[in-house]
Amino acid sequence: MITINEHYLKLQSSYLFSNIAGRVAAFQQANPDREVIRLGIGDVTRALPAACIDAFHRAVDEMAVDSTFRGYGPEQGYEFLREAIAENDFQARGADISADEIFVSDGAKCDTGNIQELFDTGTRIAIPDPVYPVYLDTNVMAGRTGKFADDRYQGVVYLDSTVENNYVPDLPSEPVDLIYLCFPNNPTGSTITKDQLKAWVDFAKDTKALILFDAAYEAFIRDDSLPHSIYEIDGAKEVAIEFRSFSKNAGFTGTRCAYTVVPRECRAFDSRGDKQAVHPLWNRRQCTKFNGVSYPVQRAAAAVYSEQGQAQSKALVDYYLDNAALIRKAVADLGYDCAGGTNSPYIWILGQRDSWEFFDELLNSAGVVCTPGAGFGKCGQGYIRLSAFNSHENVEKAMERIRLALG
Ligand code: MLT
């Protein structure tokens, strides 16, 4: 008899963004004449930078000729992209990361979901609340979380991120082994200072824990004092893995390209307490289960680092940051408390009512899709998240509709 992995039965009924897409589809079916504006999932709407498109085209042309055609690429990514990443995203910021510590992939979602495979099922995980659901759900699937009761998994240490701590969680008071952090944060849009991040790095060192640092939104940082990478903090290479993506800085959500940094020094421990390097484990995992990102996509991603690519991707992010400022002002003018929206594409709004009720109200009365904060965890109840990923015109229209509906 084939039996299922029963940990899957502990998951909430559907993945948050699939659930929302289903509700929006039902609304559209019932109201075919209503135009819906999507400020829900953080999916970009603007075209890829011209430099990326040019590189993409050239690489496709190479694939059309036997002498330049490429079959399987290196599982870790092509050297030209790994070198460009190491140089521009890390060495240029004083972080000593080398190309062979970069693993190119098809998404930060996949990597943040897959990385937990490297660690023991008994690993005690610390997860922010609210949180990007992938970190939690993949640990549920792996059987690391215990049962769900009273809105929480009993075996997880939750790191509450609330208005009181400015959405930067305090260090845990109980033992944990694997810590998920994301800054600029999804969903709250909050940022972390170097001193705050240093406290987490020191904690991981002192307690032999490991930090998984999701920096998918670092391109939105405009405050020079804020860290773009955890490796800007001394000692982080030993205790942290970092995830990055081309999705939000260069519009690759549909094109798919990201990377994970596993420094050579990064360590975990075996059951005897002996130090083990994590780099060869992730390398082994990727070589076994992953065949790399397509050559044209990696060429397109490498073009982000060209002079034109840098200017064009910055302009793209600036465009969304203008939207974020507009949203933040509009909701603040309506009297709602909010966080994020600067150094981040997300605006986290205290809705003064149940999150899903607010979601329904915005959809029905304004035709605007948001993401209910409760979908990100217990601490998200009462909040909604608006995303800045849409056109200026649509964001302006959405804010006007919200003003009329709620003002
Ligand atoms: C979000 O809306 O939280 C993100 O788009 C999800 C993702 O990047 O997978």
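Predicted model: local features only at pLDDT ≥ 70, side-chain atom pairs only at ≥ 80, totals over all residues.
Me: Which residues surround the ligand, and how many of them are charged?
Reply: The shell consists of F17, I41, G42, Y132, N186, Y217, K248, Y346 and R385. By class, 5 of the shell residues are nonpolar and 2 are polar. The number of charged residues is 2.

Me: Where does the ligand lie relative to domain 1 and domain 2?
Reply: Domain 1 spans 6-47 + 308-406, and domain 2 spans 53-306. Both domains give residues to the shell, so the ligand lies between them.

Me: Which side chain has a polar atom 2.7 Å from an oxygen atom of the ligand?
Reply: G42 has a polar atom 2.6 Å from a ligand oxygen, but that atom belongs to the backbone. A polar side-chain atom of K248 sits 2.9 Å from an oxygen of the ligand. The side chain with a polar atom at 2.7 Å is that of R385.

Me: How wide is the arc that the buried residues of α9 cover around the axis?
Reply: Helix α9 runs over residues 279-289, and its buried residues are H279, W282, R285 and Q286. They lie on the same side of α9, because they cover an arc of only 130°.

Me: Which exposed residues does α9 carry on the face turned away from its buried side?
Reply: The buried residues of α9 include W282 and R285. The face turned away from them carries two exposed residues, R284 and T288.

Me: Which residue does a cis peptide bond join to P130, and what is omega?
Reply: P130 is in the loop between β3 (125-129) and α5 (133-141). The cis bond links P130 to D129, and omega is about 5°.

Me: Is Y167 buried or exposed?
Reply: Y167 is not a glycine, yet its phi is positive, about 65°. It sits in the loop between β6 (157-160) and β7. Its relative accessible area is 6%, and buried means under 20%, so Y167 is buried.

Me: Is Q352 buried or exposed?
Reply: Q352 also has a positive phi, near 60°, in a residue other than glycine. Its place is the loop between β14 (346-350) and α12 (355-366). The relative accessible area of Q352 is 57%, and exposed means over 50%, so Q352 is exposed.

Me: How far apart in space are A204 and L171, C-alpha to C-alpha?
Reply: A204 is in helix α6. At 0% relative accessibility, A204 is buried. A204 and L171 are 33 residues apart in sequence, and the C-alpha to C-alpha distance is 9.9 Å.

Me: Which residue's side chain makes a polar contact of 2.9 Å with the side chain of R152?
Reply: R152 lies in strand β5, residues 152-153. R152 is buried, with a relative accessible area of 17%. The partner in the 2.9 Å side-chain contact is D160.

Note on methods. Residues numbered from 1 in each chain as written. Heavy atoms only, no water. Near = heavy atom within 4 Å. Polar contact = N/O pair within 3.5 Å; in protein donor to acceptor, adjacent residues only side chain to side chain. Nonpolar A, V, L, I, M, F, W, Y, C, P; charged D, E, K, R; others polar. Domains from an automatic or database assignment. Buried < 20%, exposed > 50% of the residue type's maximum accessible area, 1.4 Å probe, protein only. Helix = DSSP H or I, 4+ residues; strand = E, 2+ residues; numbered from the N terminus. Arc of directions from axis to C-beta.
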